[in-house]
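Here's a quick briefing to keep open beside the viewer. Have the sequence handy too, and look up each spot as you go.

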Amino acid sequence: MGENHRNNALLLQILASGQRKVVVPVNVAEEYGQTDVLLLVVVGAAFCSVMGFLTLSVVVLCVIQVVSAQKATNASEVTALKKIIEYWKLGSHLNLTVDPCAQNASWASESANPRVACDCSSNVCHITHLKIYALDISGPIPSELFELKRLMDLNLAQNVLSGPIPAQFEQLSNMQYLSLGINNLTGQVPPELGNMTKLLSLSFSSNNLHGSLPAELGKLTALGQLYIDSSGVSGPIPQDLANLKSLKTLWASDNLFTGKLPEFLGMFTELVDLRFEGTSLEGPIPASFGALTNLQTLILGDLGGEDSSLDFLRNQTSLSVLSLRSCQLSGQIPEIIGTFSKLRYLDLSFNKLEGQIPDSFQGFTVLQFLFLGNNNLTGVLPMNIISQNLNALDVSFNPLSGNLPGNVEKSDFSMNYVGTSINADNVEDGKALEMLSCLEGGTECANKVKSTSFAINCGGTEETSAAGVKYDDDSERLEAASVYTSSDYQWGVSDSGYFIFTPNGPQYTVETGSQITGALESELYKTARVSPSSLRYYGLGLKSGQYSVELHFAEIKMGDDLQSWKGLGRRVFDIYIQGERVLQDFNIRQEAGGSNRALVKTFDANVTSTVLDIHFRWAGKGTCCIPSQSTYGPLVSAIRASRVGGVAGTSSSDHDKKRTGKIVGIAFGCTAALVIVSSAFYLWWARVDASARARASPHGIAEEEQMTSGDFVLRFIAIENEAFQV
């Protein structure tokens, strides 16, 4: 009571003093609350008016100053925030010598980073927004963070945070947006996250977590966005997640999920963006997906198990991106897909689709990229399939026939029809394309001048190695569906795929100015070809036999600075030679021991039809966006292939043994001839010496020389023969 009286007296004293600027102490504001203080101000103002000390303008100033005096931040939150800033060494970014919730603070704007924003609608301000984005903060998430009880939006993405995701996050019950993506967090996803029932968006993508998703996440029924791609989670997808019917965005690619592609996903009718590729999930694609009529982006891929059909595509007229690469799709392509008027990107490659390409595909008005390669499509291409806006068409490795459409030469258009029977007489590389069709045709390709080797500097200009090997120029610009053949027709390259979400356009070659370690030919590794899906090189017109294939790699796009989020990327792809997978989930940087380090992988291959096929293929695995958007897919620096031995089927070791035997035989033969000549001279000298001694001997013959010269030579040859046979 005594304290209250003192505050009353203090407030009245301030109001009665006639000061033009009135500041109410914080303890007074907290004691009375906003309503009581304003009432006192009004009473005091009336008193002042009666007494003649204050004008109406002073009353207004009193009210403004009293309200502004309430903007102080909760003391415990200030203390916690200071410790967080000190822990992550952010003092140069945030000056906490003033109140963190001060009006017009530079760190409160939407674009600020770090950002601290507050809610001051009550008597005391509370911190509600905290963003520390892409500043390479490291270490475990500190416990002081959970003192900010009113947090609604926390963004710690693109850093190098380590340790587990703390279970204490459940204490932040007001949280609506939680982003922990692109970090180095480990452990399992804590089930306590399921208690954050106000969450609208949750991201822990691109981390090193393990274990299954907790069933408790099914309690997040308000969740609209869930980003868990490349997070490391595995196992079956819990049935409890069927409760997340408010989801509009679900990214779950590049995880070790097992079991069937969940049918309950078809109940998420609010979905706009759904992505599942690079997992171990099995098909078929559920028929329930037909209910997902709000989809704008659907990306499924790399499904195992049973075949799927495209029958679920009925009313998805809002689709802009449809990618169903490697989904075990069988049957025919429905005509209705050609009526999806908003479709800009369509990828149905690496499936089992058959029949003809629908005539309705001639009706696409905004489609830019169409990939139908590696199926069993037959017939001829629809005459008007190359629409005005189409930039790329891939129909490679299909038993298609007929002629090319008349407008195939239109500008800003690329087409890949390697491995088809389409007539290519009127194109520049018709000879090479006819030869490449032998890959699928099973007949031996004819070439007047056959070679036994080729070498390519992928994505770069001509280079000569320290050993004198000339690597051909391969700097030709490729597009989303391209074919290129070297001027001497010794090799070719084809590319299929498009980096869909690259803001600055696609890049199919990369280069670096950094020094490459681990190789004498550093320049050979400073350029490389990359692909978002499928990159194939072909040796052409080769003689039959066993070949040694050298594949040269260096990761020049992803860094390995573990002190920065930019070093957390993973490039993963598969390699096939002559149709056989020789490497799965290949990670250049991991195998080489770091970035900008040369790595050579050597394989054996058998050529029987004059063509050597080397295929680099992305299977949906690895991170997508580190250190920049669309950093994924196959990368290769150089290729060299050469026949082993001079006879088909002869190994290099057999050849070396024969060559060594010849050298040893010649050496022994020369030695034997030298010894025989020396022995003849010795016998002549011995006979002369023996005659001289015989004249001086009483018997007339030296006892040591009872053996004739012929007997000596025969015995020597016998001894030498025995030595040679050892």
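This is a predicted model: local features need pLDDT of at least 70, side-chain atom pairs count only at pLDDT 80 or more; totals for chains, interfaces and linings use all residues.

The average pLDDT for the protein is 83, and 76% of the residues reach at least 70. The salt bridges come to 16 in the count.

**Confidence**

- Start with the stretch at residues 1-68, where the pLDDT is below 50. Beyond near neighbours in sequence, this stretch makes 53 contacts in the model.
- Residues 647-726 also have a pLDDT below 50. Here the model shows 27 contacts beyond near neighbours in sequence.

- Click on Phe276 to see its surroundings: leaving out residues up to four places away in sequence, its contacts include Ile237, Leu250, Phe257, Leu261 and Leu265. Also touching Phe276 are Leu281, Ile299 and Leu300, among others.

**A hairpin**

- Strand E28 (residues 481-485) is mostly covered, with four of its five residues buried.
- E28 runs antiparallel to strand E29 (residues 491-496), and five bridges join the two. One of the residue pairs to find is Ala481, whose bridge partner in E29 is Ser496.
- Together, E28 and E29 make a hairpin with five residues between the strands. Look in the turn for Tyr489, which has a positive phi of about 60°.

**Salt bridges**

- Arg570 and Asp254 meet through their side chains in a salt bridge, at 2.7 Å from N to O. Arg570 sits in the loop between strands E33 (545-553) and E34 (573-577), while Asp254 is in the loop between strands E11 (249-251) and E12 (256-257), so this pair ties together parts 316 residues apart in sequence.
- Arg536 has a salt bridge with Asp613, and their closest N and O atoms are 2.6 Å apart. Arg536 belongs to strand E32 (residues 534-539) and Asp613 to strand E37 (residues 612-617), which makes this a link between distant parts of the chain, 77 residues apart.
- Arg536 is buried at 8% relative accessibility, and Asp613 is buried as well, at 7%.
- Glu591 and Lys601 form a salt bridge at 3.2 Å, N to O. Glu591 is in helix H7 (residues 588-592) and Lys601 in strand E36 (residues 599-607), so the pair connects parts that are 10 residues apart in sequence. Glu591 is partly exposed, with a relative accessible area of 43%.
- Glu277, Asp302 and Arg325 are worth a look together, as a network of salt bridges links them.

Conventions: Residues are numbered from 1 along each chain as its sequence is written. Side-chain values use heavy atoms; hydrogens and water are left out. Contact means heavy atoms within 4.5 Å. Buried means under 20% relative accessible area, exposed over 50%, partly exposed in between (1.4 Å probe, protein chains only). Two strands pair if DSSP finds at least two bridges between them. pLDDT is the predictor's confidence in each residue, from 0 to 100. A salt bridge is a side-chain nitrogen of Lys or Arg within 4 Å of a carboxyl oxygen of Asp or Glu.
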